[in-house]
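User: Hi! Could you walk me through the chain you have open, one question at a time?

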Amino acid sequence: MDDRSYMKQALALAEKGRGRTSPNPMVGAVLVKDGRVVGRGYHQRAGGPHAEVNAIDHAGERARGTTLYVTLEPCNHLGRTPPCTHKILDAGIRRVVVAMTDPNPGVRGGGNRYLQDNGIQVATGICEKEARTLNEAFIAWVTTGRPFVVVKCAATLDGRIATRTGDSRWVTGPASRQFVHRLRHAVDGIMVGVETVKKDNPSLTTRLEEAGGSDPTRIILDTHLSIPLTSKLLHQTSPAPTWVVCGSNAAADRQAALAAAGTRVVTAPLKAGRIDLSVLMQQLGEMGITSLLIEGGGMVIGSAFAADIVNKICFFYAPKILGGDDGIPICRGAGPERMRQSIAVHNLSVLRFDTDVMLQGYLKPV
């Protein structure tokens with residue numbers, strides 16, 4: 001087997017940490033000696049041992065003289081855990097193969113240099129594209145200070161997310177909806193507008209078939225705090241909190257009532273009478289939200305595109321046609337006057353979920 005084959009094993013291990021490592025990246029590691037894998041590990045949760053440590057501990061004395069394949073440059077700084085570079089040296093590893101250097105501007109390259117300065121061979125860039133895709137959210141947050149934003153919608157073939165009465169259950173089928181729960185599990189926060197809360201009374205929790213999913217922080221855009229205090233998401237049995245974002249002029253008694261119910265009230269600047277989403281993204285990044293899933297409705301999705309905060313789209317389409325012009329569109333609000341002003345989507349891919357299709361693409365490079 002070659003370097004890429006072993007690195008792909010490390011990437012598969014890293015994927016196991018999805019939804020549990022934030023604000024840290026997902027990392028996997030494999031130790032190889034004489035053509036055999038002798039140690040495996042991945043970063044399982046934030047604050048826990050890093051992938052390299054788990055792999056070395058798994059290998060024990062067999063780690064000496066091995067090649068370490070790791071999906072991210074080993075850390076060379078003291079955080080909640082000791083530097084991985086020291087563990088690598090102490091284990092007697094002779095060669096380290098790295099998929100990508102650490103994107104954090106404050107530490108980038110430091111781990112690789114330390115290992116090389118101490119006589120260890122270091123190779124980089126093996127399966128780099130795959131590694132960057134794996135940790136696209138972490139890269140965006142650590143380089144910009146803002147969350148990686150994904151817009152998800154479920155629509156008919158003629159672009160409607162609900163009928164004129166607001167009925168949207170269900171546009172897509174069970175397989176698509178289960179994938180959405182995987183998206184929720186993978187992100188730090190999920191955001192909707194207050195009108196969606198009023199119409200649908202959603203839970204905004206993660207419900208995986210195999211159970212054990214992580215709930216994202218529920219973030220509700222509610223400029224004037226009109227959310228009903230009986231809303232389901234204000235009374236969830238969930239380890240994840242609910243935040244309601246309002247303007248600074250929202251009524252003090254409403255803020256107090258929400259706070260008394262255990263809900264965090266976040267104030268944000270307004271722009272044209274609505275929450276300024278660009279500023280809010282900076283606030284959320286500072287509050288530790290590294291990735292955000294926007295689920296709607298149409299006004300929130302349209303506002304997100306207008307504010308230029310979206311990194312990625314996941315548009316689900318069901319083989320259904322409403323056939324009128326009075327259903328609720330994916331985006332609401334004013335659009336551009338010219339087609340050349342439309343938003344370009346790059347690296348488009350298509351996934352099938354039974355009879356539904358999902359278009360996935362990027363608006364911003366990572």
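User: How many aromatic pairs are there by the ring rule?

Analyst: Happy to start there. This is a predicted model, in which local features need pLDDT of at least 70 and side-chain atom pairs count only at pLDDT 80 or more, while totals for chains, interfaces and linings use all residues. Residues are numbered from 1 along each chain as its sequence is written, and side-chain values use heavy atoms, with hydrogens and water left out. Rings of Phe, Tyr and Trp (its six-membered ring) pair if their centres lie within 6.5 Å; planes under 30 degrees apart are stacked, over 60 edge-to-face and the rest tilted. By this rule the count is five aromatic pairs.

User: What is the geometry of the pair formed by Phe 305 and Phe 315?

Analyst: The two centres are 6.5 Å apart and the planes make 70 degrees. Phe 305 sits in helix 11 and Phe 315 in strand 15, ten residues apart, and the pair links distant parts of the chain. Helices (H or I, at least four residues) and strands (E, at least two) are DSSP runs, numbered from the N terminus. The pair is edge-to-face.

User: Are helix 2 and helix 3 roughly parallel or roughly antiparallel to each other?

Analyst: Axes are lines fitted to C-alpha atoms, for helices over the stretch in contact, and angles run from 0 to 180 degrees between N-to-C directions. The axes of helix 2 (residues 51-59) and helix 3 (residues 84-91) come within 9 Å and cross at roughly 20 degrees. Angles under 35 degrees count as roughly parallel, over 145 as roughly antiparallel, 65 to 115 as roughly perpendicular and the rest as oblique. Helix 2 and helix 3 are therefore roughly parallel.

User: Where is the cis peptide bond with omega about 5 degrees?

Analyst: Look in the loop between strand 14 and helix 11, the place of Gly 297. The cis bond joins Gly 296 and Gly 297.
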